[in-house]
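Here is a colleague's note to read beside the model. Please keep the structure open and look up each residue as it comes up.

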Amino acid sequence: MKTFYITTPIYYVNDIPHIGHAYTTIACDAISRYKRMKGYDVHFLTGTDEHGQKIQAAAEKKGITPQQLVDEIHQNFKELWKVLNISNDDFIRTTEERHIKTVQAMFKKLIDQGDIYKGTYSGYYCVPCETYVPENAMGENKTCPDCGRPLTIMEEESYFFKASKYVPELIKFYEEHLKAIMPKIRYNEIMSFLKSGVHDQSVSRTSLKWGIPVPGDEKHVVYVWFDALINYASAIGYLDDHERFNKWWPNVRHMVGKDIIRFHCVIWPLMLIALGLNIPVEVIAHGWWTYNGEKMSKTKGNVVDPFAMVKEYGLDPFRYFLLREVPFGNDGDFSERALVGRINSDLANDLGNLLNRTLQMIKSYRDGIVPSCDDSSSDLSRLAPEILSRLDECMNDYAFDDALKTIWEFISRSNKFIDETMPWKLAKDENESQKLNHVLLNLYEALRLSAMLIAPFMPDTSEQIFSQLGLKDNPLKCQYDSFKWGDASGNHIGEAKVLFPRIDVTEWQKAYDEKRKEKVKLPEVETKPEITIDEFAKVEMRVARIINVEEIPRSKKLYKLELDLGYEKRTVCSGIKAFFTPEDLNGRLVIVVTNLKPVKLCGVESNGMVLAASVKHDGKAEVLTLLRPADENIPLGSLVS
Ligand code: MSP
């Protein structure tokens, strides 16, 4: 039997689970369920990353030991996976014995063979936070991004992994395996990084206590990433169950966010080469989710809670939305409005209606029994194998959105089949009885197949459809390759129920706005005196794109923004630093007042003002969002009036 081993990253337990975590895990769940239905023997691993500075600091803050913290918090993830109906086969914690022993054994093996050596690590360090800060994460003037205090250069004894030694072998592997990193953009990114040279990696710390002790030199603990990556091997018995390890490892795939590909596509494969193990068959990198166009962050209070989303909109609509809304690999924007739109159109209208109409007709025209006919072939039966093979192509490329589009093409075609064949007309004519049988059997089969097709993405819905169709098997255990069109004659249909109730968008919007009001209290509204349209018309506003963002050394609040107005570029200072990082802003469209008198702010001349909406208390903005045109295609420089 073909094997398929898929892993999620192991999640840090210093944070509560959010939709980013939910997304990776749901994507792995969908591919696991799909591969099982394609006849693969699947092993699906997830877990938690429980060592390191961040966890030690979070425990200290709470006044408990790190072990107590991780024992408590990892439960949130286990609970979420239950709520999200995740079919993982194992859950690994890096504080488990099986993992600790594997890390120590691998570390020792690499020391013994000369691939790990002792040296001196030097880097920028924040003494109060007790952590090293990489150059790309530093605040202005070499300060700590967390506490803002100045960093000092620190040196400590450290073990190093000879990563550089194996780089040529890894480059060669990627040259021969063009799909080992997906999508292409990430493959290219990794190749150019590898070709620019990789330094030996520091893999131990003496400044940290909460970690796995280095075997034979216990004042060192293993660096958290070196420790974490090994989970993929320790969970399947690298150390003491070689048969199990050898069954899964040759077919390992890692699904990760784009932010952690260097660890998975450079460091980890180099470690694997050194250990004499095969490089992962595929690393699949997905993009990042924003919320209503903005980066999620605890300080902004806009982190999307998957528990709340499932409670409000239902599990399968949430799973469907995440996988359908964005091309896998791209960044995506989560908005409840868009989710409601998908529920109404794709789920209630397309899928729900197909089921309802079909069951109603079988009930009224054939007493709830699926009729038989001599030849069950039709446009739908001919389309089915093509859909199955296209679905397979999409799933092999992890193109979940295309996979769902393909399935919906079949559902739409089936709805159209009802309109074309007009069964209500056939039912009125005795002579058309055979034709009606043919139509009803075909619709029933289309639904049976649709339920199987959606099973990896919406397992509960798939089961519900099977039960409404009166089918006794579990669709999640069906095999795509044994599906036979026309097999279902004589079945008694089950009880018809509405799959997805339509959401009244006006009512929903009202409730949504009320909820926002409760979350963010508006201060007493102070209105301004009336102005005439002529007075307003004096203000010139245009669409611009932010093309560069710079810090202003003397200012805590301001960014220096370079704007492209299409017909010219200009500099504007904007007091939005507390709300955005430069990456949030770069490339965004904004609305800018273009005819303001220039002013000098902290030594920089500002030529305009970027418009924002905010909620202010005592003159200080607590929530702030930038205005931007709804249509990204509007030309730069367009007038706003
Ligand atoms: N512990 C490491 C992984 C070690 S794997 C050997 C880690 N953990 S994490 O909890 O911070 O992140 C886990 C995953 O969540 C990453 O793949 C990351 O890309 C993903 N996401 C975190 N925020 C996200 C979004 N806003 N959107 C999509 N995914 C994001 O990194």
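1. Two residues are said to be in contact when heavy atoms of theirs lie within 4.5 Å. With that in mind, and remembering that this is a predicted model, one can look at T594, which sits in the loop between strand 20 (589-593) and strand 21 (599-601). Setting aside residues up to four places away in sequence, T594 touches E540, M541, R542, L565, Y567 and R570. Is T594 buried or exposed? T594 counts as buried because its relative accessibility is 6%, and the cut-off for buried is under 20%.

2. For the protein as a whole, the secondary structure comes to 21 helices and 26 strands, and the C-alpha atoms fill a box of roughly 90 × 80 × 45 Å along the principal axes. Of the 641 residues, 51% count as buried. When contacts between residues at least 6 apart in sequence are considered, 74% of them join residues at least 24 apart.

3. The accessible surface of the protein is about 30300 Å², and carbon and sulfur atoms account for 51% of that area. As for charge, the protein has 81 positive and 91 negative charges, and their mean positions are 2 Å apart.

4. The ligand is surrounded by 23 residues, of which I10, D49, G257, D259 and W289 are the closest.

5. Which elements give two or more residues to the shell around the ligand? They are strand 2 (11-12), helix 1 (19-37), helix 7 (224-229), helix 8 (231-234) and strand 12 (252-257). Helix 7 gives the most, with three residues.

6. Helix 18 (residues 459-469) has as its buried residues P459, T461, S462, I465, F466, Q468 and L469. The cover over these buried residues includes helix 1, helix 12 (315-325), helix 13 (336-366) and helix 17 (433-454). After helix 18 comes G470, which has a positive phi near 80 degrees.

7. In helix 17, the residue S450 deserves a separate look. S450 counts as buried because its relative accessibility is 0%. Its side chain reaches the backbone oxygen of A446 at 2.7 Å, and, leaving aside neighbours within four places in sequence, S450 is in contact with F410 and I411.

8. The peptide bond from M182 to P183 is cis, with omega near -5 degrees, and P183 is found in the loop between strand 8 (181-182) and helix 6 (184-195). N85, which is not a glycine, has a positive phi of about 60 degrees; N85 lies in the loop between helix 3 (66-83) and strand 4 (90-93) and is partly exposed, with a relative accessible area of 23%. C602, also not a glycine, has a positive phi of about 50 degrees. The loop between strand 21 and strand 22 (604-606) holds C602, which counts as partly exposed at 30% relative accessibility.

Key: Residues are numbered from 1 along each chain as its sequence is written. This is a predicted model: local features need pLDDT of at least 70, side-chain atom pairs count only at pLDDT 80 or more; totals for chains, interfaces and linings use all residues. Side-chain values use heavy atoms; hydrogens and water are left out. Helices (H or I, at least four residues) and strands (E, at least two) are DSSP runs, numbered from the N terminus. Buried means under 20% relative accessible area, exposed over 50%, partly exposed in between (1.4 Å probe, protein chains only). Accessible areas come from the Shrake-Rupley method with a 1.4 Å probe; for residues, only the protein chains shown count as cover. Lys and Arg count as positive and Asp and Glu as negative; His and the chain ends are not counted. The place of a charge is taken as NZ of Lys, CZ of Arg, CG of Asp or CD of Glu. A residue is near a molecule or strand if one of its heavy atoms lies within 4 Å of it. A polar contact is a pair of N or O atoms within 3.5 Å; within protein, one must be able to donate a hydrogen and the other to accept it, and residues adjacent in sequence count only if both atoms are side-chain atoms.
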